[in-house]
Amino acid sequence: MRPTATTPWLLALLLVGMAGCNQPRFGTPQDAYTSFHRLVKRGELRQAWGALSQPTQAALQKRAQAVSDASGGAVKAEPLGLFFANVPPPPDVTEVSLVREAGDEATVLVRSSGSTHEVRMVREPSGWKVDLSASLQP
């Protein structure tokens, strides 16, 4: 069988399609949580930071500033480093399912080996984000 002129195009389309499968997606609460988890596991922390809600980021920035102030400036007010520092890699997630969705808020159930927990998600202009702001309150 002789390759046709369309064979290289089909191969290129297949490769582009496969590359898009691992791209972060934020169109649904489940996709957003899965993308956040994948980014953290791969160590892509700047992108993972962007998957956190604005209130979560603000709370972490406030906490980082408090740590810096308490140290007399010896510790820099770096919220990304504070949040992700010395944290073991998260366990593999086996399932992320939607528990409830109402307007711009949702809750997903995250199952991993040996544990199950709910995570609050919020919809922002750029898509669904992981919202940990309630758990970060003093």
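# Questions about pockets, core and contacts

User: Which residues does H37 touch, leaving out residues up to four places away in sequence?

Analyst: H37 touches P90, P91, D92 and V93, with residues up to four places away in sequence not counted. Contact here means heavy atoms within 4.5 Å. This is a predicted model, where local features need pLDDT of at least 70 and side-chain atom pairs count only at pLDDT 80 or more, while totals for chains, interfaces and linings use all residues. Residues are numbered from 1 along each chain as its sequence is written, and side-chain values use heavy atoms, with hydrogens and water left out.

User: Where is H37 found, and why is H37 called buried or exposed?

Analyst: H37 is found in helix α2. Buried means under 20% relative accessible area, exposed means over 50%, and partly exposed is in between (1.4 Å probe, protein chains only). H37 has a relative accessible area of 10%, so H37 is buried.

User: Thanks! What makes S135 buried or exposed?

Analyst: S135 lies in the segment after β4. Its relative accessible area is 59%, and because exposed means over 50%, S135 counts as exposed. S135 and T56 are 79 residues apart in sequence, with 9.2 Å between them in space, C-alpha to C-alpha.

User: And how do you know which class R63 belongs to?

Analyst: R63, found in helix α4, has 38% relative accessibility. That value falls between the 20% and 50% limits, so R63 counts as partly exposed. R63 touches L82 and L136, not counting residues up to four places away in sequence.

User: What makes a group of residues a nonpolar core, and which residues have the most contacts inside the largest one?

Analyst: A nonpolar core is a set of buried Ala, Val, Leu, Ile, Met, Phe, Trp, Tyr and Cys residues joined through side-chain atoms within 4.5 Å. The largest one has 22 residues, and Y33, F36, V108, V119, M121 and V130 have the most contacts inside it. At least two residues of this core come from each of α2, α3 (45–50), α4 (54–70), α5, β2, β3 and β4 (127–130). Its largest share, 5 residues, comes from α2. As for Y33, its contacts include V108, V119, M121 and V130, not counting residues up to four places away in sequence.

User: Why are these elements called helices and strands?

Analyst: They are DSSP runs: helices are H or I with at least four residues, strands are E with at least two, and numbering starts from the N terminus. The chain comes to 5 helices and 4 strands, in the sequence pattern α-α-α-α-α-β-β-β-β.

User: Which residues lie nearest the centre of the largest pocket, and how many of its lining residues are nonpolar?

Analyst: F36, V40, V87, P88 and P90 lie nearest its centre, among 20 lining residues. By class, the lining has 16 nonpolar, 3 polar and 1 charged residues. Its largest share, 5 residues, comes from α2.

User: How much of the chain is buried, and what is its accessible surface?

Analyst: Of the 138 residues, 29% count as buried. The accessible surface comes to about 8,900 Å², 59% of it belonging to carbon and sulfur atoms, by the Shrake-Rupley method with a 1.4 Å probe.

Key
On a 1 Å grid over the protein atoms alone, a cavity is a set of points where a 1.4 Å probe fits but cannot get out, and a pocket is an open set with protein on both sides within 12 Å along at least five of seven lines; lining residues have an atom within 4 Å of a point. Ala, Val, Leu, Ile, Met, Phe, Trp, Tyr, Cys and Pro count as nonpolar, Asp, Glu, Lys and Arg as charged, and the others, Gly among them, as polar.
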